[in-house]
Every structure is written in structure tokens, then in C-alpha cells.
Amino acid sequence: MNKILKAIDERLKLSELYEKYLSGYMVPGNLNFWYCLGSVLIVIFSIQIITGILLLMYYIPSVDKAFESVMYITNKVPFGWLIRRVHAVGANLFVLVLFFHMFSVLIMGSYKKPREIHWITGCLLFALVLVECLSGYLLPWSQLSYWATTVATNFPGAFPFIGDFLVYVIRGGEKVTQLTLGRFFSIHVSLIPFTIFILIAIHIFVIRRTGISFPPGTDETKVKKIPFFPHFVLEDLKVIYIFLAIMFLIVFFYPQFVLPRDALIPADPLSTPEHIKPEWYFLANYQFLKLIPNEFLGIFLQLIIAVIIFLLPFIDRTPERRIWKRPVFFGIVIFGIIFYVLLTIWGYIS
Amino acid sequence: MKKVKFLIILFFIFGFYDILNAKKENVCIECHLETGEESLMKPVEEWRKSVHSENGISCHHCHGGDPNDEDIAMAPEAGFIGVPEYEEIPEFCGKCHIGVKENYLKSAHGKTLPDGPNCVTCHTAHNQKKAGVYLINKELCSQCHSYERAEKIKFALLSTEKTISSLSKRIDNLWTNGFDAEQMRKMLFATKNSFRRLTHIVEVDYILQRTGDIYSELGKVENEVKEKEEILKNRNIVGAFIVIFLLISALLFDKLRKELIKKT
């Protein structure tokens, strides 16, 4: 066995790669829980890809067969129920961890020079993940998916001049139909995952080029460094396993969190369920739109906030990363988060 | 620059026109509420709390007409029936509740038609609640006759009703856990229908005689439910093991890392 491994190594020089990119790659020794969230996201993304491929084997993207095929997966295919639930819970966890990851980057000022590209690719990834979730939401063709998509795809209609055209393009017609399902399915299983994959590759590449940022307030010359493998990987694994435990806890014991009653009823375009609401990660946006008397203004204000967040490294150019030395920024971030959480809760209970 | 400003202002002005002009889903409800007259609004308010509303049974399903077009909503050519006469009520409700109507007409209640008690006497006209043995109560029955006989019937029905209600909850629990409950629901629905029909006969001896058959049918549903509950229980056991394994592993990784750092 050793001889075989040695022979392979002589040819491919794998040990050289191992030393350069794993055991010889040094990272700050004081990295905490927040620095592991990127790895958690990669694991969840991989789980989504694997479960997604498995679901694709049985799923039929047709309005007449979609719900039936999902029922077939959950009731007839061996472990189909598990695969579907992991995919559904994984999508929610992906968004949640992404929120945490971006929050930590924001608080620790890790978006600042020379890490602007990290932030930009991160924001693009965030937007793409939301589109991926939205497009996947329709696929089971349940009451929940049909009506949530109808509500969500209505919003672009508030744009003056081009609103109706936008809605028409997104839906492939005036209403949510087979044409909508077809295009949502297509982007959900090919275009968006592929783009996410490319962006993750760019994100990791730029991280390796600039190195992992030190926690703010630490003296970079004094902080002891540790090898990425096995030291930091073990910390990564710890956090990954904690999130996996949370995921399986929901999968086995609280599937109703992600698959409520309306998700178990086939779509009926003639019967609108009561209290239809978007997914939890869109609840704040939804409630915000309800508060602003004009829908267009509501969307426009949210777009402005999104653009400001996207261009943050170019707006906030001071090198100071310590949050306690940036009281105005800290105040805005805390206010923004409290406002967002309150809107989400309000949207949920209203 | 002025042109740009003008365009931006125009953009906002158009934006302020709320284009969300929600389509009326049911013109019956819209019009009844818009009248502001209590006698016309009350049926809507009561219907909203009813079991019919819960199950998507709307105005036109009973009263006919076209709920999507206010011009022909109440046109006879669109099948509009309107409010039935008192003696027409059993036929009116019996369009859907066929078996119940059949048994009711044979019962002591049905034989007192056209003046005797009919569907709305016990179930009300619009605020119908999910049918159950609770409907046989002193207050309601004593309006027309003594409660003694009704109480005997209630006692005979109570245990079956409890079993049906418990099975219904268990099936619902399985359904919310992702199980295909269609078959079990159909079986229970059929048995429940036979039972509901039975209640409308208002004949104690006959009810007692048929209860055995109904129990045997319920037994079949229960076996199916038990089988699925066993699967759910096993899944939960596996789930608990997986979660515990992941948490213990996380602890071990943490310990291992700390030891490694100590050594280096």
C-alpha cells in the first residue's frame, strides 16, 4: 500500500500540495467560531448539490406531475423523505448561516482593503442564494409554493413603465403557470448553482491570496500562528458538526418548520390560502413593503439599502476595523439588525 | 441635467400609482359587505367562521350563481337559486350531503316535515361547525322535545365519535410529518360518513346495532395508522442517535484541537 502511495506521490507530487496548502498554510491562532462559518456554508452547499441531484432523479417539472412526484419521493423512494427534508432544511440553514457570516464580516470590518473583492463576491453569493431559494420554492407546486411565488413575483410589477414587462418575463406570462415552473426549474438546477460554484471558487481564491483576516484589535506580529491542517480544520469540523446537528434535529423532529401544512397541499390557482406569506428570510422585506404606502417606493428604498451594503468597502474607507472605535457605524449596524429582526417578527405574526 | 431630473420625478410619480388593484375573488362576498346592511353582512361573517369556509365551500356552491362576474352573479341562467324556502332546506343541503339527507328523511325528524326540525335547526344556516356528538345537547334538543331519548342516542354515539376524532388527529399528525395520508383519510371519511348518516336516523336500537360494523371499519384505519406511527417512531430514534453522534463528535474535535495546540 505504501509503495502504491509513494508511486502516486512521485508522479503527482501530492505531498507537496498537502504541505503548501494544508499543513504549511499558517493561519492566526486566535480565530474564533465566526471564522468557521465559511466552511459550514461550503458543506451545506455540497449537501444541497448532492440531495438536489438525488431529487432530480425522480422530480418531474410539470404542473400536473410536480406535486405527485414530490409525494412519490417522500413516500415511495427509499429515504426519499430524508433527502427531501435535508434539501429543504439545508436551504434555510444556508441562508441563516450566510446571514451570520455576513454579520461577522460586517462587525469585524473584514470587508475593508484589501478584502473588497471578498465582500463583493459574498454579496453576489447572498443575492444568488436568495434567488436559488425562491426558484426552488416553486418546484413542489404546493399551495405554499404557488402562492408565495405569486406574491413574490408581483413585486417587480410596482416599477413604473417596465413593471408589467418584468413580471411577464419572470413568470413567462401573466400568471404563474407551467412556463414559470419551467424557467424556475431551469435556473434552479443549472444556471444559479453553477454561478454560485464559480463565485465560491473566486471567493476562496481571493481569501487564499490575501490570507484570513486577523480578529480586529489583535497585534498581528504577536499573534501565534497555527497550521490550517489539522489545527484549524478541527475547529472547522467542530462548528460544522454543530450546525449539522441542528439541521438533523429539524429534519427528524421539526420538519413543519420548513414544510408547513400549505406545503403538503397541491397547488390550486383558484383557492388562495389564508395568511400566505413569503419564507422567513423575505418576511422583513415583505413587512417593510406593507409599511410603506407605495409599493414602488418600498422596493426602491430597499434597493438603495442593498446598493449601499454592496458598495460598503468603497463607502467606508477608513482602515479602523475595531467596532468599538467606530461608534456611528456600530450604531447603524445594530439599528439595522434590530429593525430587520423586528420587521421579520412583525411580518410573521401579522 | 434638467431632463434627468424630469425623468426621475416622472419615475417617482408613476411609481406612486398603486397598480395593485386586487381582483375581486368572490363578488357575492364583496357586494354583501359593501351594502353595509346587517342582514346581508351577517351571513358572510357567519360563513367565515364555518366549516364550509374552512373547506373552501363558498356561497355559489349552495346558492348557485357566478361568483366571478357581478353582472350575472344572481342571474337564474347562471344557476342562481337564492334563499331556499324552509321546506326546501333538506333538498338544498342534500345536494352534497346525500346520505345524510336519505337517513334524515327516514327519521322521526324527517317525518315531521315540512314544519319539523331540519338541517338548519341543529347546524344553523351559515355558521355550521364541524359536526359532532356535541350537537346533541339539552339546550338544542329541548327546544322541541324532552332530552331523555336524545341523551341515550348521544351515549351510544359518544365512544365511536371519540375514536373517530382521535384517529383523525393521529392521521393529521402523520400527514404533517410528510406521510401520504390520502388513503387513510379516505377510509376514515367513508366510515365517518356512515356514522354521520347513522346519527341522523335518531333510533337508539338501530344505532347500537350498526356501531359494531363501524368499529370494525375503524379498526382497519387504526391498523394502517399504527403501522405508519411505528415508522415515525423508528425514524425519531435514528434521528436522536444521529444528533447525539454529531454533538459528541463536535466535542471530540474540540478536545483534540486543544490537545494539539498544547503539544505545539
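Student: In this predicted model, why is helix α1 (residues 2-12) of chain A said to lie largely in the open?

Tutor: A residue is buried if 20 or more other C-beta atoms lie within 10 Å of its own. Of the 11 residues of α1 in chain A, the number that are buried is zero, so the helix lies largely in the open. Just after α1(A) comes A:Lys13, with a positive phi of about 55°.

Student: What makes the 60 residues of the largest nonpolar core a core?

Tutor: The term requires buried residues of the listed nonpolar kinds, joined through C-beta atoms within 7 Å. The largest such set has 60 residues, and those with the most contacts inside it include A:Val40, A:Phe94 and A:Ile240. Elements giving two or more residues to this core include α3 (37-56) and α5 (80-107) of chain A, together with α12 (204-263) of chain B. The most comes from α10(A), with 12 residues.

Student: Which residues does A:Val40 touch, leaving aside those up to four places away in sequence?

Tutor: A:Val40 touches A:Val97, A:Val239, A:Ile240 and A:Phe243. A second, separate core has 20 residues, among them B:Ile153 and B:Phe195.

Student: How do you know which residues belong to the contact of chain A with chain B?

Tutor: Two residues are in contact if their C-beta atoms lie within 7 Å. The contact takes 36 residues from chain A and 30 residues from chain B. On the side of chain A, α10(A) has the largest share, 14 residues.

Student: What kinds of residue make up the side of chain A that touches chain B?

Tutor: That side divides into 23 nonpolar, nine polar and four charged residues.

Key. Residues are numbered from 1 along each chain as its sequence is written. Chains are lettered from A and ligands numbered from 1 in the order in which they are written. This is a predicted model: local features need pLDDT of at least 70, side-chain atom pairs count only at pLDDT 80 or more; totals for chains, interfaces and linings use all residues. Helices (H or I, at least four residues) and strands (E, at least two) are DSSP runs, numbered from the N terminus. Ala, Val, Leu, Ile, Met, Phe, Trp, Tyr, Cys and Pro count as nonpolar, Asp, Glu, Lys and Arg as charged, and the others, Gly among them, as polar. A residue is buried if 20 or more other C-beta atoms lie within 10 Å of its own, exposed if 12 or fewer, and partly exposed in between; C-beta atoms are placed from the backbone.
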